[in-house]
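Let's take a walk through this chain together, from a patch on its surface to its charged pairs. Have the model open beside you as you read.

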Amino acid sequence: MVEQRYTKVAEIQYDVDDWFIEQIREIQMDYAFDIATQITEQVNELPVRNGWTQYVAGVSHALEEPFFFRLEYLNQEDELCLFLGVEEVDVDTFLDYIIENQTLKFNKNEKESPIRKTTDTDSK
């Protein structure tokens, strides 16, 4: 008898809004793929805040020039995290998010939590 083999399919951990898709399509493919990878790896670390959109900043080093970005998302209890938007930000804005401890983990050697902290839309 032939042994059956199964392919494990990754469980969907988040959803994206149409506007997010439109925005990420405008980003160079190497950066966009890296952003999607960072989201997939860190989505479970995003804090839950019912009824409020939140922001977190990140950086992609997929190419020689770093690409700084900000994600807008809604993460509510008992629901998939919904990413609403992604936009490029300048380095000063990114540094503001670092100061506020609201960034994705961007150094794979960091030992702290992948997500530092996020904020609601009223903060920016």
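Ile 98 sits in helix H3, which spans residues 91-99; helices here are DSSP runs of H or I with at least four residues, strands are runs of E with at least two, and both are numbered from the N terminus. With a relative accessibility of 32%, Ile 98 counts as partly exposed. The cut-offs are under 20% relative accessible area for buried and over 50% for exposed, with partly exposed in between (1.4 Å probe, protein chains only). Together with Val 91 and Leu 95, Ile 98 makes up a nonpolar surface patch of about 210 Å² accessible area. A patch takes residues with over 30% relative accessible area and no salt bridge, joining nonpolar side chains (Val, Leu, Ile, Met, Phe, Trp, Tyr) within 5 Å and like charges within 9 Å. The areas come from the Shrake-Rupley method with a 1.4 Å probe, and for residues only the protein chains shown count as cover.

A word on the source: this is a predicted model, in which local features need pLDDT of at least 70 and side-chain atom pairs count only at pLDDT 80 or more, while totals for chains, interfaces and linings use all residues. Residues are numbered from 1 along each chain as its sequence is written, and side-chain values use heavy atoms, with hydrogens and water left out.

Stepping back, you will find three helices and five strands, running β-α-α-β-β-β-α-β from the N terminus. Of the 124 residues in the chain, 36% are buried. Contact means heavy atoms within 4.5 Å; among contacts between residues at least 6 apart in sequence, 57% join residues at least 24 apart.

Now turn to helix H1 (residues 18-25), where the buried residues are Phe 20, Gln 23 and Ile 24. They lie on the same side of H1 because they cover an arc of only 95° around the axis, taken from the directions from the helix axis to the C-beta atoms. These buried residues pack against strand E1 (14-16), H2, strand E3 (67-74) and strand E4 (81-88). Asp 18 and Arg 25 are the exposed residues on the face turned away from that buried side. At the start of H1, the backbone nitrogen of Trp 19 has a side-chain oxygen of Asp 17 within 2.9 Å.

Which residue pairs with Arg 25 in a salt bridge? The partner is Glu 22, with the closest N and O atoms 3.8 Å apart; the term stands for a side-chain nitrogen of Lys or Arg within 4 Å of a carboxyl oxygen of Asp or Glu. Both residues belong to H1 and are three residues apart, about one turn of the helix. An α-helix has 3.6 residues a turn, so residues three or four places apart point the same way.

The structure holds two salt bridges, and one of them joins Arg 70 to Glu 87, with the closest N and O atoms 2.6 Å apart. This pair links distant parts of the chain, from Arg 70 in strand E3 to Glu 87 in strand E4, 17 residues apart. Arg 70 counts as buried at 15% relative accessibility, whereas Glu 87 is partly exposed at 34%.

Finally, look at Leu 63 in the loop between strand E2 (53-60) and E3. Beyond its neighbours within four places in sequence, Leu 63 is in contact with Gln 28, Asp 30 and Tyr 31. The C-alpha atoms of Leu 63 and Tyr 31 are separated by 7.3 Å, although the two residues are 32 apart along the chain.

Key: Polar contact = N/O pair within 3.5 Å; in protein donor to acceptor, adjacent residues only side chain to side chain.
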